[in-house]
Amino acid sequence: MIKKYLFYLFRWQLSTPILALVLWALRGYNDWIVTIIANLLGGLVFFWVDRIIFKVEYRNPLWEIKDDIVCVNCGKICKGYRLVKTSNYDRLNDKHPEFRCATCSEEKIKQLNNRGVIV
Ligand SMILES: [Zn+2]
């Protein structure tokens with residue numbers, strides 16, 4: 001975490017040239033307007049940089065487990081499993097999450113692996 005924090009502080013320093021350049025180019029204009037423009041330009045650039053810095057890596061798959069679900073495959077009422085997120089699979093905002101029993105869940109994972117949907 002400290003490494004990421006130090007990198008983020010360094011990243012903030014990279015915005016200095018943008019700020020300085022805009023302040024220089026628009027000298028004589030209202031300080032508030034110039035600062036807003038500089039921050040807007042910085043935001044356009046560093047949104048993408050910050051997105052990379054704060055990207056969460058999922059080394060292990062994230063699962064959601066619920067009691068008393070109806071398995072979408074076999075209809076069994078039991079504890080249900082749902083694969084939510086892996087490094088290349090994202091169902092965090094799934095509006096209609098599907099839960100499966102342990103057996104059907106294992107089968108679904110095999111299918112996803114075979115189709116290369118998850119790694
Ligand atoms: Zn099932």
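Entry 1: I started at E64, which stands opposite R82 in β2. This is a predicted model, so I read that as a predicted pairing. I then looked up how the strands around this pair are joined. Strand β1 covers residues 62-70, and strand β2 covers residues 77-86. Seven bridges join β1 to β2, and the two run antiparallel. Together they make a hairpin with six residues between the strands. I checked the turn as well: G75 sits there with a positive phi of about 80°.

**Entry 2: the rest of the sheet.** Next I followed β2 onward to β3. These two also pair in the antiparallel sense, over two bridges. One thing I noted down is that T86 has Y89 in β3 as its bridge partner. Put together, I have an open sheet of three strands in the order β1-β2-β3, with antiparallel pairing. β1 and β3 (89-90) are the edge strands with a single partner strand each, so one side of each has no neighbour in the sheet.

**Entry 3: buried or exposed?** I wanted to know how many residues of β1 are buried. The number is zero of nine, so β1 lies largely in the open. I asked the same of helix α1 (residues 2-25). One of its 24 residues is buried, so α1 lies largely in the open. For the chain as a whole, I get 8% of the 119 residues counted as buried.

**Entry 4: the length of α1.** At 1.5 Å a residue, its 24 residues should span 34 Å, and the end C-alpha atoms are 36 Å apart, which agrees.

**Entry 5: the whole chain.** Stepping back, I count three helices and three strands. From the N terminus on, I read the elements as α-α-β-β-β-α. The radius of gyration is 23 Å, well over the 14 Å that the globule rule gives for 119 residues, so the chain is more spread out than a compact globule. I also took the spans of the C-alpha trace along its principal axes, and they come to about 70 × 25 × 25 Å.

**Entry 6: domains and contacts.** I looked up how the chain is divided: domain 1 is 2-53 and domain 2 is 62-114. Their centres, taken over C-alpha atoms, are separated by 43 Å. Residues 24 or more positions apart account for 43% of them.

Note on methods:
Residues numbered from 1 in each chain as written. Predicted model: local features only at pLDDT ≥ 70, side-chain atom pairs only at ≥ 80, totals over all residues. Domains from an automatic or database assignment. Helix = DSSP H or I, 4+ residues; strand = E, 2+ residues; numbered from the N terminus. Expected span 1.5 Å × (residues − 1). Buried ≥ 20, exposed ≤ 12 C-beta atoms within 10 Å, placed from the backbone. Rg over C-alpha atoms; globule rule 2.2 N^0.38 Å. Contact = placed C-beta atoms within 7 Å. Pairing = 2+ DSSP bridges.
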